[in-house]
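Hi everyone, thanks for coming along. Please have a look at the sequence and the model on the screen, and then we'll walk through them together.

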Amino acid sequence: AVLTGEMEAIFAAFSQLMAEGATPDSPEAAATVQRWQDFITAHYYPCTDEILASLGEMYTADPRFAESMDKAGAGTAAFVARCIAAKTR
């Protein structure tokens, strides 16, 4: 439950950035991507930039991810994917 709460907080941060009009390549977006990458590494597996980039693609390709992430706000999954792409390219 703690992990779920932390994960939801990170997605809420992405949703807030999106609502504030932040661009995917903004420093704030990059910091939130880093927070997400660090979370994955700390709790699941070493999340390299390459793995993170693949995850970002999956967030929009797989409707299950999008549905879950968009609970933080419509379009969150797509925004997270764009932020990840901006940070890992």
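Let me start with a definition: helices (H or I, at least four residues) and strands (E, at least two) are DSSP runs, numbered from the N terminus. What we have here is a predicted model, where local features need pLDDT of at least 70, side-chain atom pairs count only at pLDDT 80 or more, and totals for chains, interfaces and linings use all residues. Residues are numbered from 1 along each chain as its sequence is written, and side-chain values use heavy atoms, with hydrogens and water left out.

So, the overall picture. How many helices and strands does the protein chain have? There are five helices and zero strands, giving the pattern α-α-α-α-α when you read along the sequence. The radius of gyration, taken over C-alpha atoms, is 12 Å. That is close to the 12 Å that the globule rule gives for 89 residues, so the chain is as compact as a globular protein of that length. The rule itself is 2.2 Å times the number of residues to the power 0.38. Along its principal axes, the C-alpha trace spans about 30 × 30 × 25 Å.

Now, inside and outside. Buried means under 20% relative accessible area, exposed means over 50%, and partly exposed is in between, with a 1.4 Å probe and protein chains only. Of the 89 residues in the protein chain, 34% are buried. Contact means heavy atoms within 4.5 Å. Among contacts with a separation of 6 or more, 56% are between residues 24 or more positions apart.

Let's go to the core. A nonpolar core is a set of buried Ala, Val, Leu, Ile, Met, Phe, Trp, Tyr and Cys residues joined through side-chain atoms within 4.5 Å. The largest one here has 20 residues, and those with the most contacts inside it are F14, W36, I40, L52, Y59 and I84. Which elements give two or more residues to this core? They are α1 (2-19), α2 (27-43), α3 (49-61), α4 (63-69) and α5 (76-88). As background, nonpolar side chains tend to be buried together in soluble globular proteins.

Let's zoom in on I40. Not counting residues up to four places away in sequence, I40 touches Y45, C47, L52, L55 and Y59.

Next, Q37, found in helix α2. Is Q37 buried or exposed? Its relative accessible area is 5%, so Q37 is buried. Leaving aside neighbours within four places in sequence, Q37 is in contact with C47, T48, D49, L52 and K87. For a sense of distance, Q37 and A66 are 29 residues apart in sequence and 18 Å apart in space, C-alpha to C-alpha.

Over in helix α5 we find A77. A77 has a relative accessible area of 1%, so A77 is buried. With residues up to four places away in sequence not counted, A77 touches Y59, T60, A66, M69 and D70. A77 and M58 are 19 residues apart in sequence, with 9.5 Å between their C-alpha atoms.

Back to helix α1, which holds A13. Setting aside neighbours within four places in sequence, A13 is in contact with T32 and R35. A13 and T76 are 63 residues apart in sequence, and 9.7 Å apart in space, C-alpha to C-alpha.

Last stop: R89, in the segment after α5. R89 has 78% relative accessibility, so R89 counts as exposed. R89 and E8 are 81 residues apart along the chain, and their C-alpha atoms are separated by 25 Å.
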